Amino acid sequence: MATNNPKFHEIITSFDDGKIDMLAATSVLQQKATDIRNQNVNWQSYFQSQMISQEDFQFITQFDVPSREQREALLQKDRLQCAQTFLNLLGHVSKDQTLQYILVLADDMLQEEHSRVEIFHEYARKKKESVWGPFLNLLNRQDGFITNMTSRIIAKIACWSHTSMERSDLHFYLTWLKDQLKMQYDQLATSVTRADALRGAMGEQPMGTFKEASFSIDEPQKHDEITNNEYIQSVGRCLQMMLRIDEYRFAFVSVDGISTLLSVLSGRVNFQVQYQLIFCLWVLTFNPLLAEKMNKFNVIPILADILSDSVKEKVTRIILAVFRNLIEKPEDPQVSKEHCIAMVQCKVLKQLAILEQRKFEDEDVTADVEFLTERLQSSVQDLSSFDEYATEVKSGRLEWSPVHKSKFWRENAQRLNEKNYELLRILIHLLETSKDPLVLSVASFDIGEYVRHYPRGKNVIEQLGGKQLVMQLLAHEDPNVRYEALLAVQKLMVHNWEYLGKQLEKEQGTEKTTAKAVTGKA
């Protein structure tokens, strides 16, 4: 498991909480926290107006001081009063500005000494109350800083404590993180689209990616970048913490978290967000069961695309680490083989060849490049044409590769019946959902070839709903799609294959001039 892996510890440590707070010092959350620390709260006025008790007033005025030693001495003397005061203040103070200050104070207290998270658990056990209730309630507030600083505190208590987060509370929190990630991304993507439209109207180049205010200390902010005070990096940071814990990983998968990570990664995101979310995928793959299921979410094609565009070593490093885990961690050798084939299909070998020519500061990158190159090259040697075809279909990225030939279908048509027609069902799903004319053209061709070479193929396709979908493509706007759909429909309709063969030869001769784009496939 991950805990016994030195490389895991090295990267986790390099991303540990004290260091990441330095790295993320320019994130929206941290910038605002710095400003809030410089404010002063008039606790006396809260006490005089009877908004807080005398006990809470005495504790908070002694605790809210610059001296770390004084705070430590106070906690040594009265730990449980600390939890009681913070929870009372969070529950009774309604002013956003004061709530922000209380949350920063609590977060700083935990950051100074991780074991202090146990103070809240001890108090909750004594009172026979949930430690999570007061914090989870704050996630419903409208103020973005309050919700995201609360989320940060929840993650620290959940990860640094000896007591795990209870199932229902965990489900609620992870769902909130997932929804926030999607919402923050959607808002920023919409902003980028609007900005691109405005730039286009002014004759300027589109932005290409969005950025949270100064995602990185090594990437200075430009005035025209989008800075809508969003907290997507802070959400990613909480997920990075939570998913280090194995039992939290399964809970995250159960709320459809992987799909959300990959949905955001498929969009135009800054390299820092890419790194954070791929880090989440990486820690998930240390669990063998999750590593086996991961590519059902199309993780390999998406990461392969990012790898081909990546210019940041940290992003390259974490993608290679994910790929290595997807080969090493599954206990079923067949799954590892399928992952290798998927990487070959997604042109990862080509990227590895390019990376071999580069010099990296991190020796792990070089080691991973060598490992992956060796395993992928080995899988290519053992690769059957059907393995290659199955991987291409499962990736959803169909193209006129060598497996779409008559020879392949003569030898393999019947194999599409395996696993309850798994590959046929995927082809039909692509006909229904894909917007890519190339995918629709190839899928239509494959359906037709299956029917042509498997005697009962026509009945199978009709039962699976494929015939109707192919016929709908006869009206598609793309001429290549219409052409392949027409051929497939003819194959579905005709009973005498010898007659059809002669007819197809005639048709393809007359269509040659109008269908040059597709003549190279068969």
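Is N420 buried or exposed?

A: N420 is exposed, because its relative accessible area is 52%, and exposed here means over 50%, buried under 20%, and partly exposed in between (1.4 Å probe, protein chains only). The structure is a predicted model, in which local features need pLDDT of at least 70, side-chain atom pairs count only at pLDDT 80 or more, and totals for chains, interfaces and linings use all residues. Residues are numbered from 1 along each chain as its sequence is written, and side-chain values rest on heavy atoms, with hydrogens and water left out.

N420 belongs to helix 25. Helices (H or I, at least four residues) and strands (E, at least two) are DSSP runs, numbered from the N terminus. The protein chain contains 30 helices and zero strands. Of its 522 residues, 52% count as buried.

The backbone of N420 also deserves attention. Its phi is near 60 degrees, a positive value in a residue other than glycine. Most residues other than glycine have a negative phi. A positive phi, of about 65 degrees, also occurs at N298, which is not a glycine either. N298 is placed in the loop between helix 17 and helix 18 (299-309). With a relative accessible area of 24%, N298 is partly exposed.

Helix 25 (418-433) gives two or more residues to its lining, as do helix 17 (288-293), helix 20 (333-345) and helix 23 (385-395). The pocket holds about 720 Å³ of space. On a 1 Å grid over the protein atoms alone, a pocket is an open set of points with protein on both sides within 12 Å along at least five of seven lines, and lining residues have an atom within 4 Å of a point; the volume is the space filled by probe spheres set on the points, which are joined across faces, edges and corners. The lining comprises 25 residues, and those closest to the centre of the pocket are K296, E338, K394, K419 and E422.

A475 is exposed, since its relative accessible area is 68%. Its C-alpha atom lies 9.2 Å from that of A485, which is 10 residues away along the chain.

L303 touches L265, I278, L281, I319, V322 and F323, residues up to four places away in sequence being left out; contact means heavy atoms within 4.5 Å.

C340 is buried, as its relative accessible area is 4%. C159 is likewise buried, at 16%. The whole structure has zero disulfides, a disulfide being a pair of cysteine sulfur atoms within 2.5 Å. C159 is therefore in no disulfide, and the nearest cysteine sulfur, that of C238, is 8.8 Å away.

In summary, N420 is an exposed residue of helix 25 with a positive phi.

Methods:
1 Å grid on protein atoms, 1.4 Å probe; cavity = no way out; pocket = protein on both sides within 12 Å on 5 of 7 lines; lining within 4 Å.
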